[in-house]
Amino acid sequence: MTGKNSSSSLLSYFKIHGEIIAAAISGILILTAWILSGHISHALWITLLVAAFLIGGFAKAKEGITETYKTKKLNVELLMIIAAIGAASIGYWAEGAILIFIFSLSGALESYTENKNKNELKSLMKLQPETATLLNGEIVSIRDLKPGDCIAVKSGERIPADGIIVKGDTTVDESALSGESIPLTKAINDEVYAGTVNLGSSLQIEINTLPTETMFQKIIELVQNAHEERSPSQQFIEKFEGLYVNIVLITVAVMMFLPHFLFGWSWTDTIYRAMILLVVASPCALVASIMPATLSAISNGARQGILFKGGVYVEALAKLDAVAFDKTGTLTKGEPTVVDYFMKQGQDIKSLANVIYTMESESIHPLAQAMKQWASAYKEAPEKLSASVEHHNGKGLSAEMDNASWLIGNAELVGKQEADRFLQAFIIKEQATTNIFVRKDTEIIAVFLLKDTLRQDAVEAIQELDKLGLRTIMLTGDNQATAASIAQEAGITEFHANCLPEDKVNYLKQLRAHNQQTAMIGDGVNDAPALATANIGVAMGAGSDIALETANVVLMKNNLAKMVNAIRISKKMNAIVKQNIIFSLAVIAILIASNFLQIINMPLGVIGHEGSTILVILNGLRMLKGD
């Protein structure tokens, strides 16, 4: 059994990494032949190069032949193979082998990065439970659930399906869907969604949606559909490849006989010139124009904490018109913090901190953790009060200790009218904060203002993006007041609040419909569809697994300022690529013209072709320096 598992794992490994391994072996064989040239027999030298041909070119030859058979159209893969064989047919084995190696390496890297995206839906599915518990205790697959069924969900469990609460009240962490870090209070007749977490007491939920139509399933479908869409750039490249192959092959075919009749060339010269044309017209230099610069840009970005998942994304960043941000966990830290507090005169802050620390230590609620963190800075150590703390779901905590009755929670728990009067007494203006009150016996003695605070690097990043002429937009599931407050702090003038995942997707589609190249930056599961829909999806490094896998670019150090660096890398790389393409095309044009005029021979053609390849590679390697 172990042997079978090992064989299966090995086969799976080669399926994923086979192309890159074959390209590497091909390169090693070519290098070996070059080093041993003059020290081994000619037959052995050719054998090494033939092996490089077969190993490096097999995958691309198979792909080219299969694609040609299916589409009835020639492609670049076939052109490269024909060009390499053409070079070898007139004795230039090394040049043909190098041609195969460069093209196979490029294709292998492209296939490798594309395979990475296939795991994203698997990661997303892990967040949705596979089973549900019926009220009679029977555990069933979520696929067997239907509208009208009632299920039980315990505290701490993920809710397996969309439905309505029929018994119980609790707080639910909906950050997976809305991105909102503060859990929401839920009671009877409130709707809950699959994939969210029940943080409070046990619930009984009546299913109201088929498992295939839940909010979570919609996220999965949005991610899948976005990846299946082909970009205009990709379509253009495919059309260009077909046209290029046809022109070259038609030209070579004509060169095989026309000069003999038109110019009186001998058949030897005619075929010789056709083979030179096949070599010098091969897109080796064009391939090298992009790949070394791209890999260097990716390496440069990695050193700065920027992970590009493919060269196409490095290139596309320079063409952006707008950058859209999620709020929670992207522009903000993603967790509530005490930003201000007001205490009734005469209260001892250390004693109050002791009470708060003791009570909030009994809760795992994010607001309780924020209050506990504040209290830890003021409490008297090592004193710890003893108390029996009672939880009031969605409201707060109560306890009897220090010879007094204590309430810590929202306005509903302590008394809304008294809470409003307390706020007015301190002339606290209406803010986009969550207010936690502390009541001792019959009076409120303090209020704490909590808020998801802005990242320190967010403002700097927004300012730099504005300088680059990019439009900045915030898309958030938060309410209007909170969104407006964060947008003002960050310096963003355009924002959209109360956004569900599909709302973000629809807005990004509107931008694309108006030819706006847009990047979406997010960190949560709820951002995955938007990341997949945008022209470029950018994830924060500390984000969810599905966000990291869906995104095209990852800011590994969780620093928004790195987005500016990524765009600058892209702009520099695009400039170098343009230089390389213009240069390589110019060289190809000159070599083709020189060949037609019978000015150059095969060695000069190879030197010109391979020399231009080396030059564009060296130019591309400049991307290793700076940003």
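1. Basis. This is a predicted model, in which local features need pLDDT of at least 70, side-chain atom pairs count only at pLDDT 80 or more, and totals for chains, interfaces and linings use all residues. Residues are numbered from 1 along each chain as its sequence is written, and side-chain values use heavy atoms, with hydrogens and water left out.

2. Overall make-up. The protein has 24 helices and 22 strands. These are DSSP runs, numbered from the N terminus: helices are H or I with at least four residues, strands are E with at least two. Of the 627 residues, 49% count as buried. Buried means under 20% relative accessible area, exposed means over 50%, and partly exposed lies in between (1.4 Å probe, protein chains only).

3. Surface and contacts. Take the contacts between residues at least 6 apart in sequence: 67% of them join residues at least 24 apart. A contact means heavy atoms within 4.5 Å.

4. Two strands pair if DSSP finds at least two bridges between them. Strand 5 (residues 170–173) is joined to strand 6 by three bridges. Within that pairing, T171 has T185 as its bridge partner.

5. Strand 18 (residues 471–475) runs parallel to strand 19, with three bridges between them. There, L475 is opposite H496.

6. Strand 13 (residues 390–392) and strand 14 run antiparallel, joined by three bridges. H391 faces L397 across this pairing. The hairpin has three residues between its strands, and G394 takes a positive phi near 80°. Strand 14 (residues 396–401) is mostly covered, with five of its six residues buried. Six bridges join strand 14 to strand 15, again antiparallel. L397 stands opposite I408 here. Two residues separate these strands in their hairpin, and D402 in the turn has a positive phi of about 55°.

7. Strands 15 to 17. Strand 15 (residues 404–409) pairs with strand 16 (residues 434–440) in the antiparallel sense over four bridges. I408 is opposite V438 in this pairing. Strand 16 and strand 17 (residues 443–454) are also antiparallel, over seven bridges. T434 stands opposite L450. Their hairpin has two residues between the strands, and D441 takes a positive phi near 55°.

8. Aromatic pairs. Rings of Phe, Tyr and Trp (its six-membered ring) pair if their centres lie within 6.5 Å; planes under 30 degrees apart count as stacked, over 60 as edge-to-face and the rest as tilted. The count comes to nine aromatic pairs by this rule. F53 and W93 are edge-to-face, at 6.3 Å centre to centre and 80° between the planes. This pair links distant parts of the chain: F53 is in helix 2 (residues 42–71) and W93 in helix 4 (residues 93–116), 40 residues apart. F53 is buried at 13% relative accessible area; W93 is partly exposed at 25%.

9. F263 and W265 form a tilted pair, 5.9 Å centre to centre with 35° between the planes. F263 is partly exposed at 44%, whereas W265 is buried at 9%. Ring pairs also link Y341, W374, Y378 and F448 into a cluster. K379 lies over the face of Y357, at 4.7 Å from the ring centre. For such a contact, NZ of Lys or CZ of Arg must be within 6 Å of the ring centre and within 35 degrees of the ring normal.
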